Amino acid sequence: MVRSITSRGLALAALSGTALAALVACTATPSAPPATQGSVDQFVAQARQTAGEDLKFLMPICAPQPAVRAVPSAAMDEGLAKLINQPAPAPGQAFDNLYYVGAAWVSAWVLKTSEGLILIDALNNNREAADLIEGGMRRLGLDPAQIRYVVVTHGHGDHYGGAQMLADRFKARVVASEIDWKMMETGLEFDSKLWDRPPRRDVSVKDGDTLTLGDSTIRFVITPGHTLGTISPVFEVRSGGRKHTAMIWGGTSFNFGRDMLRLDGYIAATERMRKIAAEMGIDVPLSNHPGYDGTVAKLKARAAAPNGPNPFVSGQPVVDRALQVLGTCARAQKTRFQMMAQGLQPQPGLAAFVDDLAPGTLNTAQAVRPFPFSATADEHGPLGAHGHASDAAGS
């Protein structure tokens, strides 16, 4: 059995504060005009136009976000419990070598290789991992004992929750970025009693590293913002004899409060990934939360017409548009924070959880949505063209 992790030694080897500042320097505007509500509205309108109908599930990230990061609380745990307790969708097969074994709120993907399985993310806790990941794999004819690696896309509990249990049970290795290993070891950005403890440090990767198992290779692209060490994995998938390139965007929402460097990092990461996507021909956009890529609806469509066009194959232009939407919404949020600093806009309050956005209702005056919030995954329309989205600090 071949298990290898190699490094290509790319630019973001260890995103320290200095390195992150260097990354975002190319996106800075030396003499930016004063921030105004009009410029916020322009960014939101631009994002909405770019999203169109097929990507409008991304638009809730354009909603105003709190300037202060959420802290553990009974209210947060209550909201998180509602998300975890949503009825889970049936596990399903997206490609010949890629399977979904996640929940209604948070995703878990299985990449099947010629020498074992690579699990990408491990849900909220051991119970959920046992029920949905192990149980789902068995329903799909996969053997959990063949899990060789558990990749944690970023250091929030809804992605690492069951990782250590699965690693111990199946003698698998746990992979995370060096940056987020440090965060999980020294001070969690978010925590909840509903999440099991972070995994023990194991395999550490940097930007550009690759993991090869049998006939499959994952390239790890560090896309800082959601966390400083968020991983967006890129890998080949196959469908009906055709090869495609998939990318899982590793962290979506702006959950870190008024941290302008983090927002700049997020914007720079979307621009960098646009270039990578064009160079590599990435034509399958995926997420680690099913509401951000229409996973549930697409699985149903795939099962209903297994010999038809694969609904997960969106095409490279759609991938580019999705990344543009993410970056433009980040610019809208950055402008809101700049307005707060200029005293032009009141700071959003850390209000109670609010209902999900209805189609066509998004505007910059909407209530702030603190961690966590989500729509039920089954409420989406055909092939992801829907008006709700899942989102959370851990998204």
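Reader: Which element gives the largest share of the lining of the second largest pocket?

Author: This is a predicted model. H10 gives that share, with four residues. Strand E12 (242–249), strand E13 (284–287) and helix H10 (316–341) each give two or more residues to the lining. The lining has 20 residues, and Leu55, Phe57, Pro285, Tyr292 and Ala322 lie nearest the pocket's centre. The pocket holds about 280 Å³ of space.

Reader: How is the lining of the second largest pocket divided by class?

Author: It has 14 nonpolar, three polar and three charged residues.

Reader: Why is Asp259 called partly exposed?

Author: Its relative accessible area is 26%. Buried means under 20% and exposed means over 50%. The value of 26% falls in between, so Asp259 is partly exposed. Asp259 lies in the loop between E12 and helix H8 (260–280).

Reader: What makes the pair Asp259 and Leu261 a polar contact?

Author: A polar atom of the Asp259 side chain lies 3.3 Å from the backbone nitrogen of Leu261.

Reader: What do E12, H8 and E13 make?

Author: They make a right-handed β-α-β unit.

Reader: Which way do the residues of E13 point?

Author: Val284 and Leu286 point one way, Pro285 and Ser287 the other way. All are buried.

Technical notes:
Residues are numbered from 1 along each chain as its sequence is written. This is a predicted model: local features need pLDDT of at least 70, side-chain atom pairs count only at pLDDT 80 or more; totals for chains, interfaces and linings use all residues. Side-chain values use heavy atoms; hydrogens and water are left out. On a 1 Å grid over the protein atoms alone, a cavity is a set of points where a 1.4 Å probe fits but cannot get out, and a pocket is an open set with protein on both sides within 12 Å along at least five of seven lines; lining residues have an atom within 4 Å of a point. Grid points are joined across faces, edges and corners, and a volume is the space filled by probe spheres set on the points. Ala, Val, Leu, Ile, Met, Phe, Trp, Tyr, Cys and Pro count as nonpolar, Asp, Glu, Lys and Arg as charged, and the others, Gly among them, as polar. Buried means under 20% relative accessible area, exposed over 50%, partly exposed in between (1.4 Å probe, protein chains only). A polar contact is a pair of N or O atoms within 3.5 Å; within protein, one must be able to donate a hydrogen and the other to accept it, and residues adjacent in sequence count only if both atoms are side-chain atoms. A crossover is right-handed if, with the strands pointing away from the viewer, the path from the first strand over the helix to the second runs clockwise.
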